[in-house]
Amino acid sequence: MTTPTGHRFRVLGLLSGTSVDGIDVAVAEFRAEDGTVVLTPLGELDVPYPADLRTDLLDALPPRPSSARQLTVLDTRVGQAFADAAARGIAAYGPVDVIASLGQTVYHWVENGVALGTLQLGQPAWIAERTGVPVIADLRIRDITAGGQGAPLASTLDAMWLRGLAEETGHPVAALNLGGIANITVVTHSDTVLAYDTGPANALLDLAAAHVSDGKLSADVDGRLALAGSVREDLLRRLLADPYFAAAPPKSTGKEHFHGGYLDAALSGLPPLSPEDLLATLTELTAATVAAECRRHGVATVVASGGGVANPATMAALARHLPEGALRSSDDLGLPGSGKEAYLTALLGWLSWCGVPATLPSATGASGPRLLGALTPGAAPLNLPAPLGGAATRLRVAESGQPR
């Protein structure tokens with residue numbers, strides 16, 4: 001891999017995950033060194049959605065109906081919210097060369113295990129207009145057109161970042177993201193990488209917390225309800241019977257599958273559950289399904305990140321299901337877990353900006369690697385860098401305070 005000597009790019013990454021709780025912002029500096037991408041985290045922000053926007057987004061998610069007008073209005077409002085978040089990131093951490101946005105996923109169209117389309121809201125022109133910086137967005141669809149799942153794109157960062165650890169330990173390593181949906185990337189010393197969604201994480205937990213509190217809670221804060229409850233085996237057995245868990249990877253899912261109606265159907269006909277037992281059972285579902293997939297691939301180390309890492313009940317359940325000492329956090333390895341997906345987005349944007357394919361076919365199921373994204377110009381004419389030569393196979397996280 002070659003690049004002009006000493007050339008560094010600053011990229012701002014933006015996304016809102018399947019929990020729909022706000023916008024993650026991260027600014028990173030990237031440079032290339034002989035096939036290794038050096039990522040220097042410069043800072044991250046968590047910008048909550050305005051309460052009314054979050055409510056309207058949740059109202060537009062399946063299985064609720066939505067209209068063209070509703071989606072158009074939300075595309076603008078989310079784009080404006082992303083533009084505000086990007087401006088805050090630039091104000092906090094300095095100017096950037098390019099912005100990458102994964103947007104807000106509202107529908108991921110999968111039929112019979114095949115991804116056919118995907119919709120992310122957050123019109124990038126609002127971001128470019130507000131900041132004057134070019135924006136790379138719509139990062140999932142190109143992989144889908146090549147026969148892939150369009151997810152989880154985290155596999156790109158995880159494979160480059162964790163391959164050295166897999167070689168060092170001699171055992172597969174799994175990167176685990178606990179967002180609305182849980183996904184893993186299994187990295188070995190070989191070039192083959194598996195990555196897929198294992199099932200629900202915060203998606204069902206948040207729904208259940210809101211339901212049992214009559215809307216007063218948006219999440220089981222600090223896992224308090226789950227920690228006070230006991231697992232109901234009858235509900236757990238019913239949930240684990242979902243064919244999604246038995247399906248072979250690559251596969252992807254979202255709130256179009258794990259939604260309120262899904263939870264209502266699972267509870268139908270069962271003896272009443274206390275709020276605590278319901279949350280304890282849903283937490284156990286996440287831990288059990290994640291651990292089962294890790295066992296399937298002989299994983300010895302699990303590096304966790306995402307919002308679910310802040311839930312002690314989820315982490316305790318995972319620790320029970322995994323071998324002793326297997327569970328680590330992204331922060332342990334130098335990459336801030338709270339901003340990992342935003343740093344991933346920044347990496348995808350940098351790769352596309354530099355003309356490097358940003359997908360792993362073995363992870364997404366695509367027919368080959370693809371350049372990702374659609375580019376919206378900023379205030380000035382586009383001035384793309386010369387494409388990088390070679391392939392990016394490794395990633396090293398540098399300390400933020402290192403000389404540049």
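**Legends to close-up views of a predicted chain**

The chain exposes about 16,200 Å², of which carbon and sulfur atoms supply 54%; accessible areas come from the Shrake-Rupley method with a 1.4 Å probe, and for residues only the protein chains shown count as cover. The model is predicted: local features need pLDDT of at least 70 and side-chain atom pairs count only at pLDDT 80 or more, while totals for chains, interfaces and linings use all residues. Residues are numbered from 1 along each chain as its sequence is written, and side-chain values use heavy atoms, with hydrogens and water left out.

**Figure 1. The chain as a whole.** The chain holds 14 helices and 13 strands. Its radius of gyration is 20 Å, close to the 22 Å that the globule rule gives for 404 residues, so the chain is as compact as a globular protein of that length. That radius is taken over C-alpha atoms, and the globule rule is 2.2 Å times the number of residues to the power 0.38. Helices (H or I, at least four residues) and strands (E, at least two) are DSSP runs, numbered from the N terminus. Along the principal axes, the C-alpha atoms fill a box of roughly 65 × 55 × 40 Å. Of the 404 residues, 55% are buried; buried means under 20% relative accessible area, exposed over 50%, and partly exposed in between (1.4 Å probe, protein chains only). Among contacts in the chain with a separation of 6 or more, 72% come from residues 24 or more positions apart, a contact being heavy atoms within 4.5 Å.

Figure 2. A pair of aromatic rings is described by the distance of the centres and the angle of the planes. Rings of Phe, Tyr and Trp (its six-membered ring) pair if their centres lie within 6.5 Å; planes under 30 degrees apart count as stacked, over 60 as edge-to-face and the rest as tilted. By this rule there are 5 aromatic pairs. In one of them, the ring centres of Phe258 and Tyr262 are 4.9 Å apart and the planes stand at 75 degrees, so this pair is edge-to-face. Phe258 and Tyr262 are both buried. Together with Tyr244 and Phe245, these two residues form one aromatic cluster. Lys251 lies over the face of Tyr244, 4.4 Å from the ring centre. For such a placement, NZ of Lys or CZ of Arg is within 6 Å of the ring centre and within 35 degrees of the ring normal.

Figure 3. Side chains of opposite charge can pair when their charged atoms come close. A salt bridge is a side-chain nitrogen of Lys or Arg within 4 Å of a carboxyl oxygen of Asp or Glu, and a search of the whole structure finds 12 of them. Glu33 forms one with Arg31, their closest N and O atoms being 3.0 Å apart. Arg31 is buried at 14% relative accessible area, whereas Glu33 is partly exposed at 33%. Glu33 also forms a salt bridge with Arg396, where the closest N and O atoms are 3.4 Å apart. Because Glu33 lies in strand β2 (residues 22–33) and Arg396 in strand β13 (residues 394–397), the pair ties together parts that are 363 residues apart in sequence. Arg396 is partly exposed, with 35% relative accessibility.

**Figure 4. A salt bridge between two helices.** The side chains of Asp56 and Arg77 meet in a salt bridge, with 2.7 Å from N to O. Asp56 belongs to helix α1 (residues 51–60) and Arg77 to helix α2 (residues 68–93), so the pair ties together parts that are 21 residues apart in sequence. Asp56 is partly exposed at 29% relative accessible area, and Arg77 is partly exposed at 23%.

**Figure 5. Backbone features in loops.** Most residues other than glycine have a negative phi, and most peptide bonds are trans. The peptide bond from Pro62 to Pro63 is cis, with omega near 10 degrees; Pro63 is in the loop between α1 and α2. The bond from Pro249 to Pro250 is cis too, with omega near 0 degrees, and Pro250 is in the loop between α9 (243–246) and α10 (260–267). Asp138 has a positive phi, near 55 degrees, in the loop between β6 (135–137) and α4 (141–145). Asp138 is partly exposed at 41% relative accessible area. Asp214, likewise not a glycine, has a positive phi of about 55 degrees. Asp214 sits in the loop between α6 (202–212) and α7 (224–227) and is exposed, at 67%.
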